[in-house]
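Here are my notes for someone opening this one for the first time. Have a look at the structure, then read through the points below.

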2 protein chains.
Amino acid sequence: MIQLTEMGQNAKKAAQQLAQLSTIQKNQVLKTMAASVRTNTPKILAANDMDMKNAQQNGVKKVMLDRLKLDQSRVDSMADGLEHVADLADPIGEVVKGWTTETGLAISQVRVPLGVIGMIYEARPNVTVDAAGLTFKAGSAVILRGGKEALQSNQALVAALREALITESVAEDSIQLITDTSHETATALMQLTEYLDVLIPRGSAKFIQMVVQKAKVPVIETGSGNCHVYVDEGADLKMATDIIVNAKTQRPSVCNAMEKLVVNQKVADQLLPMVAKALQPFNVDLRGDERAKEILPNITLATEADWGTEYNDYIMAIKIVDNLDQAIAHINHYNTKHSEAIVTNNYAHSERFTKEIDAAVVYVNASTRFTDGFEFGFGAEIGISTQKLHARGPMGLNEITSTKYVIRGNGQVRK
Amino acid sequence: MIQLTEMGQNAKKAAQQLAQLSTIQKNQVLKTMAASVRTNTPKILAANDMDMKNAQQNGVKKVMLDRLKLDQSRVDSMADGLEHVADLADPIGEVVKGWTTETGLAISQVRVPLGVIGMIYEARPNVTVDAAGLTFKAGSAVILRGGKEALQSNQALVAALREALITESVAEDSIQLITDTSHETATALMQLTEYLDVLIPRGSAKFIQMVVQKAKVPVIETGSGNCHVYVDEGADLKMATDIIVNAKTQRPSVCNAMEKLVVNQKVADQLLPMVAKALQPFNVDLRGDERAKEILPNITLATEADWGTEYNDYIMAIKIVDNLDQAIAHINHYNTKHSEAIVTNNYAHSERFTKEIDAAVVYVNASTRFTDGFEFGFGAEIGISTQKLHARGPMGLNEITSTKYVIRGNGQVRK
């Protein structure tokens with residue numbers, strides 16, 4: 001606990017220096033960080049080896065081991081990532097709005113750093129470097145708390161990053177790693193209201209919910225995605241099939257992948273066999289309600305639990321509805337407010353769907369897979385917010401900043 | 001508890017209807033609300049009488065009684081307020097940003113309602129009507145939880161507002177009041193994550209901190225203000241005196257009033273007697289550090305506790321510093337991130353102050369009293385945010401909305 005308070009104080013001090021750096025200075029530091037990660041690759045890989053051995057001994061699952069594993073190419077892409085962040089436009093100093101009041105006060109709303117950002121995340125060590133690079137460019141100090149499986153790797157990575165900070169005479173405590181991976185320390189971090197301006201959790205839906213429940217620091221929830229595609233009557237069924245195959249199978253493990261197909265009963269007879277055939281090469285486990293099972297007799301009958309589940313896998317459940325009203329009601333009831341799509345050729349239906357569906361991103365005639373900071377053109381992504389405060393949808397550099405009002409006068413007093 | 005869950009469900013249902021109302025419909029409802037408040041004035045005043053009698057019997061302090069008391073003119077201004085909100089521009093539907101990606105996806109970031117807003121506040125019954133009017137215009141349902149002293153008044157006011165909703169065939173549960181004023185129910189409201197999109201507390205600094213500590217729902221902290229005016233060397237001392245008198249005495253009970261004077265030692269000898277004289281008619285209790293007391297021997301010696309205290313009263317403490325660095329360090333250490341001013345004629349100093357001071361609003365040569373939604377031209381104010389997430393500074397209608405991304409395509413899939 002005492003250690004955390006000290007880390008918080010040091011981060012706050014570092015943040016004050018960071019906020020004053022010019023874009024040129026910050027980009028130089030990011031490039032030095034990249035170089036330092038490259039130079040320290042042998043140390044980083046050796047540390048990762050230790051993590052891998054411990055994880056194997058502790059019986060960590062293969063899918064987790066894959067996420068934990070670093071090699072030359074993965075370390076290279078971390079360094080590339082830092083160089084890429086250097087190339088991005090600096091959000092700090094942007095005048096978001098500005099106007100002059102009747103008495104001549106010139107008011108500017110200026111983009112400023114958040115201050116100190118906490119990141120709490122599970123296994124993948126690349127989050128350490130990604131998060132450190134983005135928060136640094138956004139002018140904030142960061143306190144990182146990764147999973148215990150990746151502790152050695154994270155320590156080696158953060159050591160490389162801090163080496164670069166020292167080289168560039170920038171406060172070393174701009175980037176700090178919590179090495180005590182106990183639950184008590186994690187909880188204390190979530191409640192470090194005096195020092196943290198925001199906490200961003202990254203990991204499973206369960207993990208994020210745990211953070212939301214325990215945190216006293218403001219949290220930006222990043223998202224689980226139980227995403228739907230609704231195929232309307234009169235839709236282009238070839239287009240619908242292409243979108244479904246893409247949204248379901250292009251990368252099923254991520255949050256913007258489609259999990260549920262909702263179909264208007266008027267097109268179900270024709271669409272479902274097309275979809276089933278197109279998904280066959282991907283070996284997708286299809287489930288459906290009774291009406292869907294009448295059309296595709298070989299699929300499993302979906303249970304109530306299916307409608308709310310984010311599979312993150314080659315599984316898809318199909319719901320047949322009578323009309324748009326039912327589709328909207330079903331989606332708003334079961335979705336996680338992430339990404340939802342309608343395939344339609346009906347103007348009024350497209351308008352109703354985009355207005356009435358409650359989600360961070362609502363699509364007409366496109367795959368849900370585009371919900372992504374890079375696809376949006378932000379050049380970076382620190383997560384996808386599924387909450388409605390501060391940021392909603394993909395979060396790039398702008399979304400991890402704050403603003404302040406600067407008011408220039410010539411002696412104005414209030415009447 | 002069960003009651004709260006039901007209220008949450010009803011609010012969510014109402015919010016869906018609210019989100020689809022046109023501006024014309026919402027404005028019509030607001031005008032009907034105003035008429036209903038006027039028609040129900042006798043009932044409202046009778047209810048307030050009961051609250052006043054109870055409060056007097058329970059020995060509630062005079063300053064609290066003043067806040068609780070309603071009369072014809074105070075009820076009239078609540079109704080006027082609702083009509084004024086009807087006249088404000090509707091934030092919903094604004095396209096905040098929009099662009100087209102390389103593959104032809106047309107992305108719009110559109111302003112949408114937050115959904116369900118919780119308001120938790122202390123005695124003043126006018127907050128009930130203000131908050132209900134603003135959240136309604138912003139398209140969100142509201143669950144209100146006022147102080148127990150104002151329960152009868154709040155019930156009469158909410159009954160009048162709901163009467164208007166019924167007249168206009170809008171979901172009555174757009175505006176709900178929690179009538180169980182127990183602490184347990186307040187805590188349950190703060191943790192109603194399934195139904196509340198945000199919780200806005202209004203009241204004393206202590207009250208708001210209690211809410212921040214207990215809430216699991218995202219909170220927008222509205223602000224306590226330990227505001228400083230720093231008078232730089234070379235400043236126009238007449239201007240400085242005018243600003244100090246205004247910032248300190250124009251309305252000392254509010255959060256944007258000045259609490260502390262920080263003075264560069266080069267101008268202290270000349271400035272302090274001017275300030276003391278100008279404040280004399282207001283009977284301000286002056287306190288100061290040792291150097292200030294050398295110049296103004298009659299003032300009280302300030303204690304460490306003074307520097308961090310928001311007096312909200314005719315009290316001001318004076319700190320003398322050697323230079324701008326010390327001024328910035330002192331202010332950043334003790335301020336509550338609300339409103340801070342420099343009086344200077346030095347360009348470089350004005351730039352450093354606005355960049356380095358960490359506060360929602362930073363002034364050059366103007367009174368801190370302008371930190372206000374009306375003075376900013378927002379036409380309304382639901383509070384002043386001193387946190388860095390979502391909204392910082394005065395919050396008008398825009399600040400109680402969210403956004404969603406709407407993406408229109410023609411069959412795009414991700415490569």
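**Notes on the predicted model**

1. Cysteines to begin with. The count of disulfides over all chains comes to 0. Keep in mind that this is a predicted model.

2. Next, a spot within chain A. Arg162(A) sits in helix α7, which covers residues 151-167 of chain A. Its side chain and that of Asp173(A) are joined by a polar contact of 3.1 Å. If you set aside the neighbours within four places in sequence, Arg162(A) touches Glu172(A), Asp173(A), Ile175(A) and Gln176(A).

3. Now for the two chains together. How many residues does each chain bring to the contact? Chain A brings 67 residues, and chain B brings 67 residues. About 5,600 Å² is buried between chain A and chain B, and carbon and sulfur atoms give 51% of that area. Three residues deserve a look here: Leu389(A), Tyr405(A) and Arg414(A) supply 16% of what chain A buries against chain B, more than any other three residues.

4. Arg414(A) turns up again among the charged pairs. It forms a salt bridge with Asp372(B), where the closest N and O atoms are 3.7 Å apart. Between chain A and chain B the count is 8 salt bridges. Polar contacts between these chains come to 43 residue pairs, with both residues at pLDDT 80 or more.

5. Which parts of chain A give at least two residues each to the side that touches chain B? Among them are the strands β1 (95-100), β2 (106-113) and β13 (361-366), along with the helices α9 (205-214), α10 (237-249) and α15 (347-356). The strands β15 (393-395) and β16 (401-412) belong to that group as well. The element that gives the most is β16(A), with 11 residues.

6. Last, the make-up of that side. The residues of chain A that touch chain B split into 30 nonpolar, 20 polar and 17 charged.

Definitions and conventions
Residues numbered from 1 in each chain as written. Chains lettered and ligands numbered in written order. Predicted model: local features only at pLDDT ≥ 70, side-chain atom pairs only at ≥ 80, totals over all residues. Heavy atoms only, no water. Disulfide = S-S within 2.5 Å. Helix = DSSP H or I, 4+ residues; strand = E, 2+ residues; numbered from the N terminus. Polar contact = N/O pair within 3.5 Å; in protein donor to acceptor, adjacent residues only side chain to side chain. Contact = heavy atoms within 4.5 Å. Buried area = accessible area lost by both parts, 1.4 Å probe. Salt bridge = Lys/Arg side-chain N within 4 Å of Asp/Glu carboxyl O. Nonpolar A, V, L, I, M, F, W, Y, C, P; charged D, E, K, R; others polar.
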